[in-house]
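Please walk me through this structure, step by step.

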Amino acid sequence: MTNQTTKWSQFGTLIIVFFFWGFVAASNDILIPVFKEKLHLTQVQSQMVSFAFYVAYTIGSLIFLLISSAIGKDLLQKIGYKNGISLGLIISALGTLMFYPAAQQESFTLFIVGLFIVGLGFSLQQTAANPLAIIMGDPKLGSQRLSLAGGINNFGTTIGPLVVSFAIFGSVTASSASADIQSIKVPYLVLGVAFVIVAIIFRFSSVPNKIDLEAADTSDNVEVDGSKQSLEADTAAVVPARRSVFAYPQLVLGMIAIFVYVGAEVSTAANLPEFMKEHLQTPTDKIAPFVSLYWASLMIGRWTGSVGAFDISKGAKSILRFLMPYIAFAVFLLVNRIANHDITPFYIYALLIVGLIACDILSKGNPARQLLIFSCMGMLALLVGIFADKMISVYAFICVGLFCSTLWPCIFTLSIAGLGKFTNKGSSLLILMIMGGGFVSLLQGWLAAPEHLGIQYSYFVGVACFAYLAFYAIRAKAALKQQGIDYDVKTSGGGH
């Protein structure tokens with residue numbers, strides 16, 4: 001297989017939807033405390049925001065699989081990949097329309113229904129977009145391309161909380177008493193219009209509409225716009241294809257990994273406002289910059305992990321590995337400075353970024369090794385947050401975002417490696433497990449009650465999630481080696 005450079009024109013269009021996913025997901029963390037305060041909800045009730053949004057991914061994936069089964073053909077192979085993304089954007093736009101009557105009636109139920117519909121659309125978009133990102137160039141750099149796309153996703157998560165905070169409070173420095181739920185209507189209607197515009201752009205873009213996954217049972221090549229591209233790493237042996245997608249342990253265990261990864265990522269941020277209110281007495285309207293820094297931490301890590309996707313010299317990549325995280329951090333500082341937030345408390349965070357850079361260098365571009373190292377660091381950060389207090393705990397919980405940053409591309413790349421003709425089905429099953437963001441958040445919200453563990457010790461839920469991810473990193477590497485797929489072969493001398 002010959003290496004191919006990234007198709008940047010196609011990839012540039014594709015990453016627009018990654019931005020939207022992040023913008024909406026992070027904005028939910030601002031809606032949670034506002035709904036809790038204005039609609040008089042308990043902490044576990046407020047976590048229904050995350051629950052409804054992420055469970056929608058599961059329902060959407062199940063609908064995808066049922067339709068594919070009913071028509072006897074993979075749905076995306078029938079309607080096309082970019083058409084699927086366009087359809088998903090239209091569905092999400094319909095969800096944003098629900099925010100108008102929800103705000104008018106101050107109905108928590110209608111808000112939840114609207115977020116659920118938005119999530120349904122995102123489910124279809126993600127099922128199509130993640131495999132596309134992997135095959136838009138050298139597939140051996142697929143995880144790095146997903147990191148780059150994830151970095152754009154987290155640019156959305158960085159500005160999302162600030163924009164929505166401004167919409168709700170009237171200004172980013174207003175008192176929480178000025179919060180007006182009805183002010184949510186306009187930004188979400190504007191977001192819906194943006195969804196429709198991008199849907200039209202996708203429909204007429206050069207993004208591939210078809211991927212040939214039926215070429216052979218071994219399926220180590222796919223065809224995109226006439227050129228053969230592999231979805232696997234370099235292989236040491238040809239292994240016969242299996243009869244069922246569930247016969248691949250890297251996928252089955254990877255489904256659980258996606259569940260707990262998204263759960264840990266989302267619940268850490270979703271419960272951060274309550275932790276800051278209880279332990280630091282932080283006003284609701286002052287929490288947005290800290291939530292923004294959590295999601296910016298994912299951007300910092302993903303920009304760092306994406307360096308390998310660029311077609312530049314090894315020396316230039318080494319320099320960028322040190323520059324990219326601080327460029328991303330500077331973006332966070334700039335956005336918050338424009339929003340008139342005091343950014344001086346965040347300068348110390350630059351020291352924590354050094355740890356991220358060290359972990360990235362140690363991973364050597366190997367998705368299994370990176371997953372293991374970053375999962376262990378995520379556990380360490382949570383344990384510091386649990387047993388420390390005040391701002392040390394806040395920054396420990398926030399820096400979990402640094403180590404969550406590249407876990408999605410690592411898990412996704414490992415899970416669909418070697419699936420061949422089952423790649424689309426495997427992708428849909430992985431998207432289905434995004435529901436972990438809802439279930440784990442709900443579990444932590446329940447445990448956060450004073451009569452249970454309390455908000456601080458509830459973060460042991462995340463520790464358990466990262467422990468499983470460390471196990472998966474080891475197990476997936478072994479399973480793939482048995483199938484002739486060895487990422488150590490790829491990375492040794494690969495300049496990653």
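**A guided tour of the chain**

Ser458 sits in the loop between α20 (436-447) and α21 (460-482). Is Ser458 buried or exposed? Ser458 counts as buried because its relative accessibility is 0%. The side chain of Ser458 reaches the backbone oxygen of Ile455, at 2.6 Å. Leaving out residues up to four places away in sequence, Ser458 touches Gln444, Leu447, Ala448 and Leu453.

Now step back to the whole chain. This is a predicted model. The chain has 496 residues, and buried residues make up 64% of them. Its secondary structure comes to 22 helices and two strands. Among contacts with a separation of 6 or more, 80% are between residues 24 or more positions apart. The chain exposes about 17200 Å². Carbon and sulfur atoms supply 68% of that area.

How confident is the predictor, and where is the pLDDT below 50? The mean pLDDT of the chain is 79, and 82% of the residues reach 70 or more. Over residues 214-238 the pLDDT is below 50. In the model, this stretch has 74 contacts beyond near neighbours in sequence. Residues 490-496 also have pLDDT below 50. That stretch has 17 contacts beyond near neighbours in sequence. Where pLDDT is low, the predicted coordinates should not be read in detail.

Next come the charged pairs. How many salt bridges does a search of the whole structure find? It finds two. In one of them, the side chains of Arg302 and Glu265 meet at 3.8 Å, N to O. This pair links distant parts of the chain. Arg302 is in helix α12 (residues 288-305), and Glu265 is in helix α10 (residues 249-270). They are 37 residues apart. Both Arg302 and Glu265 are buried.

The other salt bridge joins the side chains of Asp360 and Arg321, at 3.1 Å, N to O. Here too, the pair links distant parts of the chain. Asp360 lies in helix α14 (residues 349-363), while Arg321 lies in helix α13 (residues 314-338). The two are 39 residues apart. Both Asp360 and Arg321 are buried.

Go back to Glu265 for a moment. Why does Glu265 count as buried? Its relative accessibility is 9%, so Glu265 falls under the 20% cut-off for a buried residue. Besides its salt bridge with Arg302, Glu265 has a polar contact, side chain to side chain, with Tyr261 at 2.3 Å. Which residues does Glu265 touch, not counting those up to four places away in sequence? They are Tyr294, Trp295, Leu298, Arg302 and Cys404.

Cys404 brings us to helix α17, which spans residues 400-404. Phe403 lies in this helix. Phe403 counts as buried because its relative accessibility is 4%. Leaving aside neighbours within four places in sequence, Phe403 is in contact with Leu356, Cys359, Phe374, Met377 and Gly378. Phe403 can also be placed against Gly301. The two are 102 residues apart along the chain, yet their C-alpha atoms are separated by 7.1 Å.

Which residues make the nonpolar surface patch of about 590 Å²? They are Ile90, Leu94, Leu97, Val196, Ile200 and Phe204. Two elements give two or more residues each to the patch: α5 (81-97) and α9 (185-203). α5 gives the most, with three residues. Leu94, one of the patch residues, lies in α5.

Helix α9 also holds Lys185. Is Lys185 buried or exposed? Lys185 is buried, because its relative accessible area is 12%. Not counting residues up to four places away in sequence, Lys185 touches Phe99, Tyr100, Ala103 and Gln104. How far is Lys185 from Leu97, C-alpha to C-alpha? The separation is 8.6 Å, although the two residues are 88 apart along the chain. Leu97 belongs to the nonpolar patch.

Methods
Residues numbered from 1 in each chain as written. Heavy atoms only, no water. Salt bridge = Lys/Arg side-chain N within 4 Å of Asp/Glu carboxyl O. Helix = DSSP H or I, 4+ residues; strand = E, 2+ residues; numbered from the N terminus. Buried < 20%, exposed > 50% of the residue type's maximum accessible area, 1.4 Å probe, protein only. Polar contact = N/O pair within 3.5 Å; in protein donor to acceptor, adjacent residues only side chain to side chain. Contact = heavy atoms within 4.5 Å. pLDDT = per-residue confidence, 0-100. Areas by Shrake-Rupley, 256 points an atom, 1.4 Å probe, with all protein chains shown as cover. Patch = residues over 30% accessible without salt bridge, like charges linked within 9 Å, V, L, I, M, F, W, Y side chains within 5 Å.
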